[in-house]
Amino acid sequence: MSTLPTQAALNSSTSMAPTFLLVGMPGLSSAPSWWTMPLIAVYLLSALGNGTILWIIALEPALHRPMHFFLFLLSVSDIGLVTALMPTLLGLAFAGAHTIPAPACLLQMFFVHVFSVMESSVLLAMSIDRALAICRPLHYSALLTNSVISKISLAIVFRCLGLHLPLPFLLAHMPYCRPQVLTHSYCLHPDVARLACPGAWGEVYSLFVVFSAMGLDPLLIFFSYGLIGKVLQGLESREDRWKAGQTCVAHLSAVLLFYFPMILLALINHLELPITQHTHTLLSYIHFLLPPLINPILYSVKMKEIRERILNRLQPRKVGCAQ
């Protein structure tokens, strides 16, 4: 991938142009073919890991429970997110393709944010599931019925689509007063919205979308874990605390993996810390690409039911000998 586009590109028309300009990973312009290998490996491993989770949950009736259903949705969002990012990442890596047509950019932006908000929503639902399982174990089955799970799933879908469906249309018709050079290797709506003229009301809606999902969800998740921690402190048996805490390890790891790079980037931007473009781009890659790669490993290792059923499915069946 190459570095920032030339100054001539920065001085382009200030009206809505037919293309946007993407920024690649600094320092990789001399070896684009080398950079394609990690990207392809990340995509294939993410697809394989999350595909395995989807396959085992779909086939095993014993895994048709709330926590595993949310894990199923998490794997769907992970595959969707990494698939939405790959066209521009591989285009930059293979051919140094910095330009992307505006319709393609807005389409990628839509899917990236739909699957990002879906992942955030599912992580929130999983934290509520864990809080109910630990704080209200006797009422857990009555509270999380199949009907309730279906309603939560529909709410997640409507939330993702309802928040982001207007954005491509708003951004397509906004006036732009800045050169249309993005700061990432893919299209994100805060990145596109910041190029709009001052006072463009679509930018306000973009900020509302960001804070209503990525701002609210982590607060509710950590509130749920505060309730869990309070209950665990009240348990007299150390072994009971350990067992209950272990059921949350995989999910809490997934939460930190998803939110920590995003929060770090937000703090860097807000405080205007002097970091290099290379560091900023790398943190962005970690935020989007690492969770789809690591989540299947976390849940396969930390969740005994998932691990055992995957191993049972992969083991060859023994055929008994005729007597």
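**Ground rules.** I'm working on a predicted model, where local features need pLDDT of at least 70, side-chain atom pairs count only at pLDDT 80 or more, and totals for chains, interfaces and linings use all residues. Residues are numbered from 1 along each chain as its sequence is written, and side-chain values use heavy atoms, with hydrogens and water left out.

**Overall layout.** I count twelve helices and two strands in the chain. Along the sequence I read α-β-α-α-β-α-α-α-α-α-α-α-α-α. Of the 323 residues, 46% are buried (under 20% relative accessible area with a 1.4 Å probe, protein chains only; exposed is over 50%, partly exposed in between). I also looked at contacts (heavy atoms within 4.5 Å): among those between residues at least 6 apart in sequence, 78% join residues at least 24 apart.

**UniProt spans.** The unreviewed UniProt entry places "transmembrane region" at several spans, including 69-94 and 282-301; such annotations may be inferred rather than shown by experiment. I checked these two. Residues 69-94 are 100% helix, with end C-alpha atoms 37 Å apart. Residues 282-301 are also 100% helix, and their end C-alpha atoms lie 27 Å apart.

**Second largest pocket.** H3 (66-95), H4 (102-135), H10 (238-271) and H12 (304-314) each supply at least two lining residues. H10 gives the largest share, five residues. I sorted the lining into eight nonpolar, three polar and six charged residues, where Asp, Glu, Lys and Arg count as charged.

**Tyr259.** Next I looked up a residue of H10, tyrosine 259. Tyr259 is buried, at 1% relative accessible area. Beyond neighbours within four places in sequence, I find Tyr259 touching Ser120, Leu123, Met214, Asp217, Pro218 and Ile221. Its side chain makes a 2.4 Å polar contact with that of Ser120 (a pair of N or O atoms within 3.5 Å, one able to donate a hydrogen and the other to accept it). Asp217 is 42 residues away along the chain, and its C-alpha sits 9.8 Å from that of Tyr259.

Terms used:
Helix = DSSP H or I, 4+ residues; strand = E, 2+ residues; numbered from the N terminus.
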